[in-house]
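Hi,

Here is the structure I promised to pass on. Have a look first, and my notes follow below.

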Amino acid sequence: MASTNLSSIQLLSFIRLFSSIPQNAPTLFFNSHPKPSLNLRAISPKPYNSSKRSRPWLPVALAVKNLGDTDRVTVSPENGEIAGDLPSAAGVYAVYGKDGELQFIGLSRNIAASVSSHWKSVPELCGSVKFGVVDEPDRSTLTEAWKSWMEEHIKVSGKVPPGNESGNATWVRQQPKKKADLRLTPGRHMQLTVPLEELIDKLVKENKVVAFIKGSRSAPMCGFSQRVIGILENVGVDYESVDVLDENYNYGLRETLKQYSNWPTFPQIFVNGELVGGCDILTSMYEKGELATLFKK
């Protein structure tokens with residue numbers, strides 16, 4: 001079969017698949033093209049060192065071998081975790097389905113954690129794993145190791161692994177989109193038919209939790225607002241946010257809200273139509289474990 005080389009566009013589409021690995025399986029984030037030349041000399045041939053007991057995968061981890069020359073390790077789940085001798089080290093890995101077909105080629109700062117995460121999300125596609133530990137795992141070296149396995153598989157099979165195809169979200173957890181901030185008016189130069197104070201009253205009474213903050217929920221403009229958003233996100237409550245600094249769609253909101261709530265500073269958090277307070281009060285309730293009870297009311 002004719003040799004197939006990855007184009008720069010293909011490589012970029014593959015690399016984007018690694019931008020959302022779960023926290024317990026940290027993976028590199030890429031902002032540039034991988035080096036076009038393939039050079040694995042930077043991968044140390046030294047055995048992977050570990051203070052733990054001798055493991056049967058040490059011979060496999062002498063270097064990043066060719067994909068076809070690397071032995072497989074069976075994935076056997078036990079008590080919800082992967083029971084096996086996978087290293088908690090950086091490198092490349094290839095996941096095979098129970099039918100023996102290659103499903104996904106990835107790279108990670110923690111191979112064992114990444115494979116465990118995959119098994120939890122798609123256990124039916126995880127039968128065995130090949131891996132190669134990179135002794136000096138800088139971004140360039142890991143990228144080249146991953147690229148070599150990907151090119152080898154494409155050369156042999158003529159196709160990209162299903163999990164690495166552009167747009168495939170099976171193997172990578174997508175970040176949920178954040179809700180947009182609410183706007184109280186259609187624009188600064190539009191005349192309101194209802195007083196702004198009535199719009200505020202309607203907003204806080206029709207929504208369970210409303211946070212009036214400086215900036216947006218995706219980009220708070222002060223440390224107190226950032227802290228409030230962090231608490232609400234950690235608690236997992238559904239809430240609405242309003243940017244009091246938006247002089248176009250929320251013109252006059254800051255002064256009107258101060259009069260409405262009789263509270264001089266921001267942020268301001270309302271629950272069930274009642275003002276709870278600002279950052280200090282919300283932080284105190286959060287640290288005491290009182291927010292869950294408040295939000296259930």
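A quick definition to start: I call a residue buried under 20% relative accessible area, exposed over 50% and partly exposed in between (1.4 Å probe, protein chains only). By that rule Cys 126 is buried, at a relative accessible area of 2%.

This is a predicted model, so to speak of local features I need pLDDT of at least 70, and side-chain atom pairs count only at pLDDT 80 or more, while totals for chains, interfaces and linings use all residues. Residues are numbered from 1 along each chain as its sequence is written, and side-chain values use heavy atoms, with hydrogens and water left out.

On confidence: pLDDT (the predictor's confidence in each residue, from 0 to 100) averages 79 for the protein chain, and 75% of the residues score at least 70. Residues 1–9 are below 50, and residues 11–63 stay under 50 as well. Where pLDDT is low, the predicted coordinates should not be read in detail.

Back to the cysteines. With a disulfide taken as a pair of cysteine sulfur atoms within 2.5 Å, the whole structure has zero. Cys 279 is buried too, at 9%; the closest cysteine sulfur to its own is in Cys 222, 8.0 Å away and too far for a bond.

Then there's Gln 268, in strand β9 (residues 268–271) and buried at 0%. Its side chain makes a polar contact of 2.8 Å with the side chain of Ser 261 (N or O atoms within 3.5 Å; within protein, one must be able to donate a hydrogen and the other to accept it, and residues adjacent in sequence count only if both atoms are side-chain atoms). The Gln 268 side chain also reaches the backbone oxygen of Trp 263 at 3.0 Å.

Cheers

Notes: Helix = DSSP H or I, 4+ residues; strand = E, 2+ residues; numbered from the N terminus. Contact = heavy atoms within 4.5 Å.
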